[in-house]
Amino acid sequence: MRPLKLVMSAFGPYAGQTVIDFSQLGEQGLYLITGDTGAGKTVIFDAVSYALYGQTSGGVRDANMLRSQYADADTPTFVELEFSFRGKCYRVKRNPEYRRPAKRGGGMTKEKAGAELYYPDGRVPVTRMSDVDKSIVELLGLNHKQFTQITMIAQGQFRKFLDTNTDERSKIFRDLFHTYFFQQLQDKLKQDAVAKRNEFAEQQRRSEQALSGISCIYPAYTEQLQSFALRHYEGCVEEVLALVDTIIALDEKEQQQVAAAAAIVTKNLTALQDSLSAIDKKQQLEKYMQTTEVRIAGMQKQLEQEAAAAVQRQEALQKLEAEVSEAQKGEVELAQMQTERQQLAARQRELRQLQEMQQRYQSQEVALLQKRQEYKQACDNFNHLNELSDACFDRFLGAQAGLLAHDKLKPGKPCPVCGSCEHPQPVQLAQDAPTENDVEQARAKAEAAQKIRDGLIGEGKALKEHLELDKTLLLGKGVELLGCDDLKLIAERAQAELKDVNNKITALRLKMGFLQEKVEQYRKLAKALEQQKAADKQAEAAAQNLRQQLAGAEGQLQELKKQLAEQNELLTDVDKQKLQQEHEKLLVQQRELELQDKRLYAAIKNNQRIKQEVSGYEARRAACEAEYSLINSLSATLNGTLTGKKRVNLETYVQMHYFDKILQRANVRLLRMSRGQYELCRDKMQDADSKTGNSKTGNSKTGLDLEVKDYYSGNLRSVKTLSGGESFMASLALALGLADEVQSCAGGIQLDTMFVDEGFGSLDDSSLQQAITTLQGLSEGHRLVGIISHVHDLQEMIDKKILVRKKRGLQGTGSEVALVVD
């Protein structure tokens, strides 16, 4: 990876937008980043690191604190880096989270952190921050820590790595070379060994706990078990299990003897129980026979009472049947009256209909008479109005000459009738002469009267037709019902017959009310008769059942007497009290034998279970012991705790391998910078001391301590005895060796840029020249090495420079950058 162009906007001390074009520095060689103290030299590398990974180089500056304090509020904060990798150009842009003026409404708002990665092939840019982080790692093959270790030898970090002890150096190597896997393996084996040892102890504990529960009632064996328990059964488990087998065999033999004794007791108990049962049976027979005799006497008495009650019921039934027969006649008569009533009601309806027809006919006669009178009045009115109309018209015609003389005759003008211009005696207009309007009104009244007269003619004709039709119907109905075709006779006969029918219906209704009461009485008597018959039938059935029960009870009584006689013959001279006492003794013996059998059974099962469990525990304990021996030996080997061996664990051993390779790379440069005087060496004496568990430094880990060999004196001494300039050269060589090894372990990734930050001020001129020569060697092979320093001699030794200076006064605030390429 080689940076091509870096753009910083409101970033760190750079208030405005600052552009650094690295392509002007060439493809290889050294260049110097120099300037005022605190002007922002290291910030340039921080910007490169932040653009790629979102983190600064040393991790001291938080990303949220990167906004320049000198920038205007409207100036955005971001870093944009163009870089080449494997011949292709990429561009990445990032901005931290910061506050800026709101575009709307005034005030301040928060600008969220963002990132963008642009590819050379024009594919869609990556715009999510997490995706950009992942894509950069995948592209370069390095994470942030590896990148800074390889490309940035940071200020103040030289001597730290040189002077650190084994524990601290081991932590650094664990992150750089991912040796934590070996540490995890060591810890896992140590944990497995402890777990297997605990499992072994647990199986031993369970076995001891199980053996402590052995059931034994034999004193000699109990003493043996107690002696084994005092030794916690250590080394004698097999002997204890053999003793358990002996105890189980003795318990089983005793259990057989108890079972035989229990069988004899059970047989004797059965015989005694039979005798006692026979006595109890005799007593039950006697008691049951007495109860049966009492029950038979009761049933006989009940049957006698039932016979007397049956005679009474029969008499009551006969009487009730006679009453029902008498009451039944009223029901027949009532039915006949209901039929007669229905016939009279039908005749009543027909006569009423005939009267209605007669009344309708009479009403129509009256209406026709009224209509004739109205017609006569209408005729008189029409004649009168018609005469008035004619008279009005005549008077109107008579008044026409007066109208003509009044309206048309003027002196000297011709008459419209005769043409004369003289008018000696014109006709005078009458005062009551009708107008044309009066004529029209008189004529309209006469015509209206004529219409009323003509309408009454039609209505009268219709009434007359309906009257004739109703008369025909009335006469037909009179002939049908009364045999009479005279209207007056029909009315008289219908009236007389209707009155007679109404009287008959009234009398019939009174008689039917009386009969209805009689019918209700009959129905009640009939229902009572049915109930009486049912009760009589039930009583007869109950009596029959009782007779059957009596017969069965008498037969049962005979059988009981026979059984009692048999029991008396069997139980001659038997003492029930003695039998009961003997029975109680046998029951006590039976319970004692059952308890003894249960105890023996429980002891046998308990000891069998213990033997089975202990056998399983011992098998698992033996397996755990073998596994623990293997795992513990392997854990001790990997954790460096084997007695009489070097106390170097696996992780440290691997780190020692990396450390030797780092020292090999570092010494190539250190020997050159020190003119063959110094060489860094791993402390071999510490390895020897680790066999006994001692260490010169007292560290918990050994194998990574460092010494320096002075070829001028031929002695080995501590790196802490080096002077300031010697320490810087040793630290620089070690840091470069570390960077080379980390780069090699990262898959052989070649980075075409490197930064070295400060530390050159402690070197004399000769050492400074050697250091610069060493760094020039790093720049071979298209590598560009930047030295961050304010040492004045370096400015004369290195032609390519990036000058960083602070702005003051009228030039503004913040820092600015200028490239110098001679």
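Tyr-218 is buried in this predicted model, with a relative accessible area of 17% that falls under the 20% limit for burial.

The structure holds eight aromatic pairs. Another edge-to-face pair is formed by Tyr-90 and Tyr-119, whose planes stand at 80° with the centres 6.0 Å apart. This pair joins distant parts of the chain, since Tyr-90 belongs to strand β5 and Tyr-119 to the loop between β8 and α2, 29 residues apart. Phe-22, Tyr-31, Phe-45 and Phe-755 are in turn linked by ring pairs into a cluster.

| Residue | Relative accessibility | Class |
|---|---|---|
| Tyr-90 | 10% | buried |
| Tyr-119 | 18% | buried |
| Tyr-218 | 17% | buried |

Strand β5, residues 88–95, pairs with β8 in the antiparallel sense over five bridges, and Asn-95 stands opposite Gly-114 of β8. Both strands belong to an open sheet of five strands, ordered β2-β1-β4-β5-β8 and paired antiparallel. At its edges are β2 (14–21) and β8 (114–118), each of which pairs on one side only, and the twist from one strand to the next averages 10°. Helix α2, residues 129–140, lies across β4, β5 and β8 and runs at about 40° to β8.

Within the sheet, Glu-80 has its place in strand β4, residues 78–85, and counts as buried because its relative accessibility is 16%. The side chain of Glu-80 is joined to that of Arg-91 by a polar contact of 2.6 Å. Leaving aside residues up to four places away in sequence, Glu-80 touches Lys-5, Leu-6 and Val-7 as well as Arg-91, Val-92 and Lys-93.

Helix α1, residues 41–53, reaches 19 Å between its first and last C-alpha atoms, close to the 18 Å expected for its 13 residues. Because 13 of the 13 residues of α1 are buried, this helix is largely enclosed by the rest of the structure. Just after α1, Gly-54 takes a positive phi of about 75°. Helix α6, residues 180–211, has 32 residues and should span 46 Å at 1.5 Å a residue, which agrees with the 46 Å between its end C-alpha atoms. Buried residues in α6 include Gln-186, Leu-189, Ala-193 and Lys-196, and also among them are Gln-203, Ser-207, Ala-210 and Leu-211.

Conventions
Residues are numbered from 1 along each chain as its sequence is written. This is a predicted model: local features need pLDDT of at least 70, side-chain atom pairs count only at pLDDT 80 or more; totals for chains, interfaces and linings use all residues. Side-chain values use heavy atoms; hydrogens and water are left out. Helices (H or I, at least four residues) and strands (E, at least two) are DSSP runs, numbered from the N terminus. The expected span of a helix is 1.5 Å times one less than its number of residues. Buried means under 20% relative accessible area, exposed over 50%, partly exposed in between (1.4 Å probe, protein chains only). A polar contact is a pair of N or O atoms within 3.5 Å; within protein, one must be able to donate a hydrogen and the other to accept it, and residues adjacent in sequence count only if both atoms are side-chain atoms. Contact means heavy atoms within 4.5 Å. Two strands pair if DSSP finds at least two bridges between them. Axes are lines fitted to C-alpha atoms, for helices over the stretch in contact, and angles run from 0 to 180 degrees between N-to-C directions. Rings of Phe, Tyr and Trp (its six-membered ring) pair if their centres lie within 6.5 Å; planes under 30 degrees apart count as stacked, over 60 as edge-to-face and the rest as tilted.
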